[in-house]
Amino acid sequence: MNARKRAAMVGLGGQATSDHLPGLAQCHRAELVGVCDIDADRVAAVAGRHQVPGFTTVERLLREARPDFVIAAVPHHAGREVVAACAEAGVHVLKEKPFATDPHQATELAGLCEKAGIELMVTVQRRFHPVYTAGLQLLERIGSPYLVEARYTFHRPDPAAGWRGRAKLAGGGCLADMGYHLIDLLLWYLGLPDRVLAGTSAAAVPGAEYDAEDTALVHLAYDSGLYGSLLVSRSAGPKTERLAVTGPHGTLAVERGTVRLLDPGGQVVEALRREPAWPCPPATLIDRFCRVLDGTAPNPSGPAAHLPHAAFLAAAYASAATNRPVEPREFPA
Ligand SMILES: NC(=O)c1ccc[n+]([C@@H]2O[C@H](COP(=O)([O-])OP(=O)(O)OC[C@H]3O[C@@H](n4cnc5c(N)ncnc54)[C@H](O)[C@@H]3O)[C@@H](O)[C@H]2O)c1
């Protein structure tokens, strides 16, 4: 095996602490060589704990720690500057979702990555989970799909907290944030819808100051006749995650860690369960990215693959603002 790649962590908040830093400690192909955050106290604490140099600007981190790649887990509004700095320095990026906050930014960043010749992989974990891969294989068994129902919900007591409560900073609300995973699954399995009609609300905590939607319902329509909906909420529990696609020969139902094929009457024909449902450690994702950099594994989640996500989100938000169906393919306009 090649020498371990030099990895640097940018953004030392919740996702870095819960996933990426433990993942780096467990992975086989990379080692942590530096950390960065605009919060100097966080930098000091994490750098001390991991015995690596810490920085408060990405540019200094890139110059002095000389990483092969950066793991970027920053608020959505800060993603552009981090990716642009890495591209400028020729450093690869494992980017926390979303790839970008709007279609123009997505096109711009895809161009920057291509010009710089860097790899960028967006962390959409379901692409690397065998149950979801099996779901795609089983999809052909139901015949031409005519109905899709998707739902991803959980309850957060304070939807106004931090940058996530501000649509401008987060590039939207729950749809752009947690909904990105469900949109990725939808696009992976069924492609970009031809029309969307969306409704959103930020009404779960009356009196709280926030404008990023806590709940979104998106109706989907494809020219093939397939239609359905996607419900995302970070205020309406219980925690659920489900995608069901129905065709003439049955239904494919994917839930966290389980995929089932049902006959048209709803009886289970076959099922696959992963136990534990969600081990998929971040270490696996980091090692996979190292293989992408070595040229020994493909990158299923690069910039070009994420342009449709930005188009879907822009269309959904335009639809919610105008109360009209919008075609994602119009974006970027
Ligand atoms: N894949 C998943 O399941 C998953 C889960 C949670 C979060 N995320 C993603 O991870 C990212 C971070 O989310 P989080 O919950 O950790 O947020 P957070 O607010 O907890 O942490 C973000 C950190 O980035 C720092 N920061 C802000 N601007 C910066 C800059 N310009 N340079 C360096 N650091 C900067 C902040 O000071 C903070 O410490 C988001 O993109 C989010 O969507 C993904």
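These notebook entries record what I looked up in this structure, which is a predicted model.

**Entry 1: the sheet**

I began with the strands. I found an open sheet of six strands in the order β3-β2-β1-β4-β5-β6, with parallel pairing. I noted β3 (54–55) and β6 (120–123) as the edge strands, since each pairs on one side only.

I then looked up the link between β5 (residues 92–96) and β6. The two strands run parallel and are joined by four bridges. Glu 96 stands opposite Thr 123 of β6.

**Entry 2: a helix across the sheet**

Next I asked which strands helix α3 (residues 58–65) lies across. I recorded β1 (5–10), β2 (30–36) and β3, and the helix runs at about 140° to β2.

**Entry 3: the surroundings of the ligand**

I turned to the ligand and counted 25 residues around it; Gly 11, Gly 13, Gly 14, Gln 15 and Glu 96 come nearest. The largest share, three residues, comes from α1. Sorted by class, the shell holds 11 nonpolar, seven polar and seven charged residues. I marked Glu 96 for a second look, as it is among the residues that come nearest to the ligand and also stands opposite Thr 123 in the sheet.

**Entry 4: the two sides of α6**

In helix α6 (residues 130–138) I listed Tyr 132, Gly 135 and Leu 138 as the buried residues. Viewed down the axis of α6, these residues fall within an arc of 115°, so they line one face of the helix. What covers the buried residues of α6? I noted that the cover includes α8 (179–190), β12 (250–255) and β13 (258–262).

**Entry 5: Leu 285**

My last entry concerns Leu 285, which is placed in helix α9 (residues 282–294). Is Leu 285 buried or exposed? I recorded Leu 285 as buried, because it has 22 C-beta neighbours inside 10 Å and the cut-off is 20 or more.

Leaving aside residues up to four places away in sequence, I found that Leu 285 touches Gly 23, Thr 123, Gln 125 and Phe 128.

Notes: Residues are numbered from 1 along each chain as its sequence is written. This is a predicted model: local features need pLDDT of at least 70, side-chain atom pairs count only at pLDDT 80 or more; totals for chains, interfaces and linings use all residues. A residue is near a molecule or strand if its C-beta atom, placed from the backbone, lies within 6 Å of it. Ala, Val, Leu, Ile, Met, Phe, Trp, Tyr, Cys and Pro count as nonpolar, Asp, Glu, Lys and Arg as charged, and the others, Gly among them, as polar. Two strands pair if DSSP finds at least two bridges between them. Two residues are in contact if their C-beta atoms, placed from the backbone, lie within 7 Å. Axes are lines fitted to C-alpha atoms, for helices over the stretch in contact, and angles run from 0 to 180 degrees between N-to-C directions. A residue is buried if 20 or more other C-beta atoms lie within 10 Å of its own, exposed if 12 or fewer, and partly exposed in between; C-beta atoms are placed from the backbone. The arc is that of the directions from the helix axis to the C-beta atoms.
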